[in-house]
Every structure is written in structure tokens, then in C-alpha cells.
Amino acid sequence: MKLSQLNPGEQGTIVSFTDLEMSVKLMEMGCLPGEVVEVERFAPLGDPIAIRVAGYQLCLRKSEASVIIIQ
Amino acid sequence: MADIKVALVGNPNTGKSTLFNLLTGLNQKIGNFPGITVDKKIGFCKLSANQNAEIIDLPGTYSLYPKSKDESIVLQVLADKSNPSHPDVVVLVADATNLRRNLLLCSQVADLGLPMLLVLNMTDMARKEGIHINVNKLAERLGIQVVAMSARKSDGLDTLKKAISHTTWVSTQVTGIDVTIFAPEAITEVKEKIKTENDYYALQVLHQHEHLAFFTEKEQQEIEAIEKAHQFESSKIQGAETIARYRYLSTVLTDLIFDTGAEKKFKVTDRLDSILTNRFWGFLIFILILFFVFNAIFSWSSYPMTLIENGFVWLTEFGHAHLPSGVLTNLLLDGVVAGLGGIIIFIPQIAILFALISILEDTGYMARVTFMMDKIMRKFGLSGKSVVPMIGGIACAVPSIMSARNIENWKDRIITIMVTPLVSCSARLPVYTLLISLVVPNKMILGFLSLQGLTLMAMYVISIMAAILVAFVMKFIIKAKEKSYFIMELPVYRMPRWSNVIYTMYEKSKTFVLEAGKVIIAISIVLWVLATYGPSKRFDAIEKKYTAIEANSTDSVQLASLERDKAAEKLENSYAGILGQTIEPAIKPLGFDWKIGIALITSFAAREAFVGTMSTIYSVDNGDEQTATIRNKMRDAKNPETGLPVFTFATSLSLMLFYAFAMQCMSTVAVVYRETKSWKWPVIQLVYMTAMAYVASLIAYQFLK
């Protein structure tokens with residue numbers, strides 16, 4: 001399942017990425033396979049989303065969240 | 001002279017700038033890295049009685065692989081030993097509340113083999129959150145000095161200064177990971193080619209040699225050939241390296257961090273976010289904050305602005321009374337001093353705006369604005385990050401266009417640069433206020449809304465709408481070069497650091513005075529010359545005519561009015577007047593006469609020149625720049641053919657629209673050229689904005705006249 005399919009308050013563990021270039025950026029920011037992510041909130045218009053990962057808050061667009069495969 | 005060069009490197013939001021300000025105080029300046037337009041912040045610091053350090057603040061980045069233009073500077077400075085900013089010691093600033101992610105960059109820099117030390121900043125916050133870090137053990141495992149600090153509270157500053165001067169100029173750090181496994185042959189070949197012992201440096205060269213300008217064309221091709229020969233897959237190797245580094249950091253941090261109170265960590269931020277980014281309250285609060293910012297810019301600045309204005313009037317009068325009269329005195333007082341006054345008067349507004357923007361950024365609110373606005377902005381070809389430059393555009397397009405460097409995506413960035421000058425900047429403000437006070441009655445609606453104030457706000461709304469519409473059109477014209485990213489940290493809310501706010505105010509005002517000042521003073525002088533001199537034949541004739549009339553007159557009042565008529569006639573026949581009359585046919589459909597034409601010409605270099613030009617043209621005594629007097633002169637101005645007032649509602653509105661849309665700022669043209677590195681974009685901008693201004697004014701005047 002993709003990270004973009006979660007609702008606020010739901011959690012998942014990162015398994016893999018579907019986009020190589022994007023995965024490099026995401027991993028630098030702490031989104032590593034095995035890391036637990038929680039969707040904190042959606043922006044007022046539903047996109048982008050804010051997630052909690054590796055002890056801080058990160059925001060990204062839904063299209064970017066959709067390359068993150070979670071469990 | 002500095003004995004040692006120190007570079008500050010670290011993630012964004014780690015308090016790096018606070019540390020920089022703390023180390024250097026006001027002893028800092030902004031320069032440029034040679035060949036690129038990234039601002040270089042350097043300052044000086046006394047480490048001990050006999051050791052001075054030059055401190056360089058490098059742009060914040062999460063890794064040595066850059067996502068934006070600003071970030072690419074970090075590797076360029078660290079890799080190039082011949083770069084004048086190449087440091088002797090790197091101070092890596094890390095946020096103690098989020099150590100692991102911060103140490104990623106630390107381990108990359110460490111593997112480059114530069115002498116370095118680590119600052120654990122925000123240890124007070126970490127302690128509050130229940131995080132304890134074993135500093136000594138960390139230092140032992142990394143092989144470098146580690147200084148625990150809290151830059152906000154100035155804790156640990158002396159320890160840091162000592163640590164910097166004790167850093168050996170030979171690197172001591174433990175190598176983090178063995179990078180040769182990622183591309184063994186390619187790394188060996190590059191090491192030989194560029195004569196380095198360092199594996200990681202060789203790997204970075206393979207990844208990023210295109211960005212490293214110090215390699216010659218031939219070297220670039222050779223490195224490119226090595227990449228090809230070994231099928232070097234940049235993204236894949238970067239990913240593998242990041243994973244390996246995080247794995248290494250996990251072993252480094254084992255049993256070093258004790259986190260007891262993680263639960264309460266984000267409580268305040270979460271609660272604030274649930275209101276500030278709420279579907280309803282979020283936008284309402286944002287609009288209220290914008291309203292407050294506007295109000296502050298106009299109302300707080302009025303007192304200091306009057307003070308500056310009166311000061312310059314006094315200075316001019318004093319000069320005319322005490323200096324020997326002559327051409328040089330006139331040039332100095334009516335050209336240079338008048339021009340200087342025209343710049344200094346903007347300082348209060350610029351300082352207030354940047355103070356407020358820096359507070360919004362410092363508290364973490366600006367990141368939320370970006371977060372909320374991204375979806376709307378994207379519809380118009382912009383990004384959430386375009387909000388900051390566009391708000392900044394209300395003060396001045398020049399620094400705002402420079403701040404667009406934070407936008408990683410090329411297309412988003414170009415569109416932001418192209419439309420930011422449409423947002424009404426503070427230089428248009430005097431034009432608006434003068435014209436509004438001329439034609440809009442000073443009435444109150446509903447008892448508390450000033451009609452003049454509403455008109456002013458309408459001008460700003462029109463300008464922002466124009467910017468958004470143009471962006472929407474450009475979205476379809478400009479082709480994207482790469483995918484657009486929006487991966488961004490949302491920092492926790494914090495109190496603003498007042499010292500940073502003051503530094504920002506000081507720094508931006510200084511930049512404005514120095515950058516815009518040069519242009520405006522030059523224009524003031526040129527304008528003065530053009531308006532004072534004309535073809536000698538015509539001037540001689542005027543001189544003769546008035547000498548004849550004055551000889552027959554004895555009444556002093558009549559003499560004074562004759563003197564004014566003579567000045568006005570001289571202006572009409574001066575080079576500036578001739579220029580204005582030449583363009584009159586083109587601007588007549590907009591409702592402008594040749595006098596306004598002169599103002600338009602001078603304003604093409606800087607719109608600030610409008611009020612000054614008007615005051616010269618309408619021959620206000622003593623070069624007094626008080627708008628009240630100019631206003632009366634302009635109100636009384638009559639069209640010589642029809643006898644009707646020149647500044648009707650239609651003409652004034654048409655003029656305001658022209659100033660709202662036209663690209664009348666040399667500094668902006670120059671900065672767009674600098675930022676885009678081509679004349680294509682500033683030329684397109686100049687043409688489309690002027691065309692838009694002309695059409696808007698034409699429509700407004702023809703409908704309203």
C-alpha cells in the first residue's frame with residue numbers, strides 16, 4: 001500500500017520506493033526502509049500532507065507520498 | 001587579517017545563522033561567491049587575544065547532494081582547495097533534538113577529509129524534551145571534538161571558540177563508510193586523474209563534476225568518459241550510500257542517546273498546527289496576519305518617514321542658505337541630496353517589512369503558509385514556496401527575486417521571478433498615495449473604513465491578481481526541465497530570535513540603500529542635468545524675453561511669479577521637456593501629457609523618481625518634497641488647450657495602473673539577469689510588463705474619460 005492512501009492518524013512502516021530519484025531525496029530526509037511513518041495532517045486543501053518520521057515533521061505532496069510503499 | 005578560515009555547515013533549522021550572528025556580531029558582510037550568485041555571508045571573530053577567525057556561513061543543506069542552487073555551493077567550497085572561501089576548519093552545526101538525520105551530513109563532510117568539529121546545538125531544547133546525549137563518547141566514536149551548545153542562550157560560546165583554535169589542521173575523524181565498494185574501478189581511475197588520496201572526494205567528483213567549475217573542459221570530458229566506461233549510475237549509488245551511512249550512524253549512536261520524554265515533544269506544535277493549518281481558521285489567520293503586516297508597514301513607518309522627509313527639507317534649505325550659490329551647489333542639493341532623500345525615506349518601510357517576514361520565518365509559520373498554499377499556487381504554475389518571494393515583493397522585488405533561489409524546481413523558480421515584480425512594491429507606494437490623495441475623496445465608509453485606504457488596498461489586490469494570472473499563462477508557455485519537488489521539513493514552532501530579526505532589518509536596509517541607492521542617485525543627477533539644460537538657442541531666447549519683462553516690473557510678488565514662469569518655460573524647453581514632448585503622441589491615448597511623459601521616462605530607471613520628477617516639473621519652491629505642496633500644484637495644473645484639470649480621475653487611475661504593471665526598475669532588470677544568467681528573461685519581462693501597463697492604462701482611460 002502507498003503512503004498517500006493513509007488518513008491522518010494512521011501509521012505504516014516504509015518497505016520500498018517506486019521512484020529511484022525521489023527515493024534518494026526521501027532517504028536523505030530520514031525516510032528509510034524500516035522506518036515508521038505516521039500521517040499527521042493534510043493541508044487545508046487536502047494536499048500536501050504532513051508526516052511524522054525519524055523524530056520530526058516532514059511535508060510532501062501526495063504525488064511524492066505515492067512513491068513510498070508501506071506496510 | 002584572519003589567521004584561520006572557518007566554515008559553518010549544517011542542516012536548515014539548526015540555528016546556524018544564530019550561531020553565526022553570535023560569533024561575529026555586526027562584524028559581518030555579504031559578498032558573492034565568484035561566478036555564481038549565491039550570497040556569501042562572512043564575518044570576523046576574535047578567538048583569543050592573538051587569533052582572529054574569518055567565519056563563512058554556508059547555505060543550510062541536508063546532504064552534499066544539492067536539491068537547489070543554494071545548496072550546491074557547499075560542495076563547491078569544501079571541494080575546491082583554491083576557492084578563496086575554502087575553510088581550514090569546518091564547524092558542523094547539528095540539531096541535538098534530531099541527531100541522526102543531522103549526522104548524515106556530518107559523516108559526508110567527515111569523509112571528505114577536512115579538519116572539523118561538531119557543534120551540538122539546541123541542547124537546552126533537547127534536555128527539555130528529555131533527550132540526553134553522551135557527548136564524550138560521541139566525540140570518541142567520531143574522532144573529532146564535540147561541543148554542546150545552545151546558541152540562542154549563548155551557552156557554550158567560549159568553549160566553541162577554544163575548540164576551534166585547538167582543532168588540528170590535520171583531520172582526525174574516523175572514516176565513516178568505505179565508499180569504494182560502490183564503484184571500485186571508477187573511483188580508482190578518478191583518484192589518479194585528479195590526484196587525490198580521498199576515495200569519497202573522488203566519488204563526489206564522479207557524481208557532481210558538472211557543478212564543479214574549477215575543472216577544465218578537458219578534465220570534465222575525461223571524468224565523463226570514466227563514468228561512461230564503468231556505467232556509473234548516480235542515483236542508485238547515492239541511495240546505497242545514504243543507506244550505508246544511516247546504518248553506520250546507528251552503530252555510532254548505539255547507547256549514546258537516552259530519550260525519556262518523547263511523548264510530550266511535539267505537543268505545543270501539534271496543538272498550534274491544528275489551528276494554524278485548519279481548513280477554516282488557517283486561511284483566516286493568514287489573511288489577518290497579512291492585513292496586520294500591511295497596516296504595520298503603513299502606519300508604523302509614517303512617523304519616521306515624516307522625520308526623514310523634514311530632515312532632508314531642512315538640509316536642502318540649510319545648504320541653499322549657507323553654500324555659495326551656483327551650478328555645483330544646485331547639483332549637490334537638488335540632484336544628489338534630493339536623490340538620497342528619495343532612498344532613505346524607504347528605509348522604515350523596508351526595515352519593518354523584513355522584520356515581520358523574518359519573525360514569520362523564524363517562528364516556523366512561513367513553512368506552514370507554504371504548506372497551506374502549495375495546492376492553490378500549483379494550479380497557477382507556481383509552488384507553495386513562491387509565496388515568500390511574492391509577499392516580499394510588497395517591499396521590494398530585488399531581495400524577493402533573490403529569495404526565489406530556495407525554489408528547487410527550475411520552472412517554478414523562473415515563473416516566480418517573472419511575476420514577482422508585478423506585486424506592488426514599496427516604491428509604488430508614494431505614487432499611489434500622491435495620486436489617490438489627488439482624486440479620491442477623504443471619506444469614511446461605514447464610519448471606519450477610509451475610502452482612500454480601500455483604494456490603496458485595491459491597487460495591491462489588482463497587482464497580486466495580475467501576478468497570478470500571468471503565472472497561469474506562463475505555466476503553459478514555459479517548458480519544464482525537471483520534476484517539481486515539495487519535500488520540506490516543518491520545523492517546530494519557536495519564539496523568534498530578536499537579535500536575528502534586528503540583523504535581518506539592518507542587513508536588508510543596508511543592501512537596499514547600497515544597491516538601489518547607486519541607481520537612484522545616478523538617475524537623480526542625470527534628471528537634474530536634463531531638466532536644467534536645453535538647446536542654448538531656446539534658452540537664450542527665454543532668458544532675453546524674461547529680462548525684458550522683468551526690467552519693466554518693480555512689484556516683488558509679480559517678480560517672484562515671473563521667476564516661476566521662467567523656470568517652467570525653461571523646463572518645457574530643456575532636454576527632458578523635449579523628450580517628454582517627443583513621446584507625447586504615444587501616451588496621449590492614456591491621458592498623459594508631456595510633463596507626465598518626463599516622469600515616465602525618469603521612472604523607467606526607478607519608479608521612486610516619480611514624485612521627485614513631479615516636484616521638479618511643477619516647479620515647487622526649494623525642492624521641497626512635501627506631498628501636500630506637490631499635490632496642490634498638481635491639482636491646479638490645467639491643460640493649456642482645454643483649460644480643464646490635468647489630473648482627472650481617469651488620468652490618475654490610468655497613471656496608477658501604468659505604475660502598477662510597468663517594469664520601471666533597473667535594479668530588478670539587473671537582478672533578474674544575475675539570477676537567470678541570461679538576457680532572455682529580463683527582456684521578456686520588460687516587454688510583457690510594459691505592454692500590459694500600456695493596454696491596462698489605455699482601457700481604463702478610454703472608458704473613464
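So, strand 3 (residues 49-53) and strand 4 of chain A: they run antiparallel, with 5 bridges joining them. For pairing I'm asking DSSP for at least two bridges between two strands, and strands themselves are DSSP runs of E, at least two residues, while helices are H or I runs of at least four, all numbered from the N terminus. This is a predicted model, so local features need pLDDT of at least 70 and side-chain atom pairs count only at pLDDT 80 or more, though totals for chains, interfaces and linings use all residues. Residues count from 1 along each chain as its sequence is written, and chains are lettered from A, with ligands numbered from 1, in the order in which they are written.

Back to the hairpin. Strands 3 and 4 of chain A leave 2 residues between them, and Ala54(A) in that turn has a positive phi of about 45°. Look across and you'll find Val53(A) opposite Tyr56(A) in strand 4.

Buried here means 20 or more other C-beta atoms within 10 Å of the residue's own, with C-beta atoms placed from the backbone; 12 or fewer is exposed, and in between is partly exposed. Both faces are covered, with Tyr56(A), Leu58(A) and Leu60(A) on one side, Gln57(A) and Cys59(A) on the other.

Strand 4 also crosses over to the partner chain. It pairs with strand 12 (residues 488-490) of chain B, antiparallel, over 3 bridges. Cys59(A) stands opposite Met488(B), and Gln57(A) stands opposite Leu490(B).

On to the contact as a whole. It takes 31 residues from chain B and 27 residues from chain A, where contact is C-beta atoms, placed from the backbone, within 7 Å. On the chain B side, the elements giving two or more residues include helix 3 (99-111), helix 12 (281-322) and strand 12. Helix 10 of chain B gives the largest share, 7 residues.

Last, confidence. The model scores ipTM 0.94 and pTM 0.80. Chain B averages a pLDDT of 84, with 94% of the residues at 70 or above; pLDDT is the predictor's confidence in each residue, from 0 to 100. Over residues 620-627 of chain B it's below 50, and that stretch has 24 contacts in the model beyond near neighbours in sequence.

Methods: Contact = placed C-beta atoms within 7 Å.
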